[in-house]
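This report describes the strand pairing and the ligand site of one model. Please consult the sequence and structure shown below while reading.

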Amino acid sequence: MQLLTVRDYLEMSLGAANIVSNAVTARPNLTICLPTGRTPKGMYRELVRRRRVEGLSFFDVIFFNLDEYVGLAPEHTQSFRSYLRRELFDHINVGPANIYPPDENYEDTIRNKGGVDLLISGIGANGHIAFNEPGSILESRTRIVDLAQSTLDGMRANFTPEELPRQAITIGLATIMEARRVLLLASGKAKAQILARALTEPINSEVPASVLQGHPDTTVIADEAALEVFH
Ligand code: GLP
């Protein structure tokens, strides 16, 4: 695991965008698995800028999503499909049929596309990666999961009580561990405690992100606030 410490959210975003654009330039038909949430928004903004200003091409890139809510219409503004369209896909040159949201055949689809070259993830306040909530096992694959209470509490502000999704489909920890390269992003002091646990505790299922310690090519980009426990 390689840890890159950066000053703030902007530096994290630019560092992440650099890794993505270098990877896409080196291999135009890269397969990338993308996250949602607040954390990657700045990275997406910079990738969109590079498309617009520098002509960076994503035409042959295959895009997977880490996860998606179950029971929410794809057009709903809070769906991860909507999020990724809004933050990235609507503003770059995505090739036709190169976007694969998670479904029950996901493991086969990923395998048929040659596996995931670059997987980007944030970390949930409870240590989840994608929607692998605490208790997820290392062997887990793409599946439907019940969202943890702490995850639901964090979502309530964005949904009416009736529409609040209680389940999600997520790639598994085994799927994540098979990605050739993983990039974990963390910003802000709200992530400091859980990031410290993920980086320093022995690998354990109560902090699913800790599995990345066993991944051969993981880069963590974290800002000073997210690393304040170590100061
Ligand atoms: C969400 C997503 C994760 C994301 C995490 C952190 O629930 N399923 O993929 O990494 O929570 O979100 P944020 O970046 O907004 O802190």
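Two strands are said to pair if DSSP finds at least two bridges between them. Strands themselves are DSSP runs of E with at least two residues, numbered from the N terminus. The model is a predicted one, in which local features need pLDDT of at least 70 and side-chain atom pairs count only at pLDDT 80 or more, while totals for chains, interfaces and linings use all residues. Residues are numbered from 1 along each chain as its sequence is written, and side-chain values use heavy atoms, with hydrogens and water left out.

**Strand pairing**

Strand 7 (residues 143-146) and strand 8 run antiparallel and are joined by four bridges; Asp146 has Gln167 of strand 8 as its bridge partner. Strand 8 (residues 167-170) also pairs with strand 4 (residues 67-69), in the antiparallel sense, over three bridges.

An open sheet is formed by seven strands in the order 1-10-9-6-2-3-5, with parallel pairing. Its edge strands, strand 1 (2-6) and strand 5 (99-100), each pair on one side only. Strand 5 is joined to strand 3 (residues 62-65) by two bridges in a parallel run, and Phe64 has Tyr100 in strand 5 as its bridge partner.

**Ligand site**

| Residue (side chain) | Ligand atom | Distance |
|---|---|---|
| Thr39 | oxygen | 2.4 Å |
| Asp67 | nitrogen | 2.9 Å |
| Lys191 | oxygen | 2.5 Å |

Taken alone, the ligand exposes 390 Å², of which the protein buries 89%; these areas come from the Shrake-Rupley method with a 1.4 Å probe.

How values were computed. A polar contact is a pair of N or O atoms within 3.5 Å; within protein, one must be able to donate a hydrogen and the other to accept it, and residues adjacent in sequence count only if both atoms are side-chain atoms.
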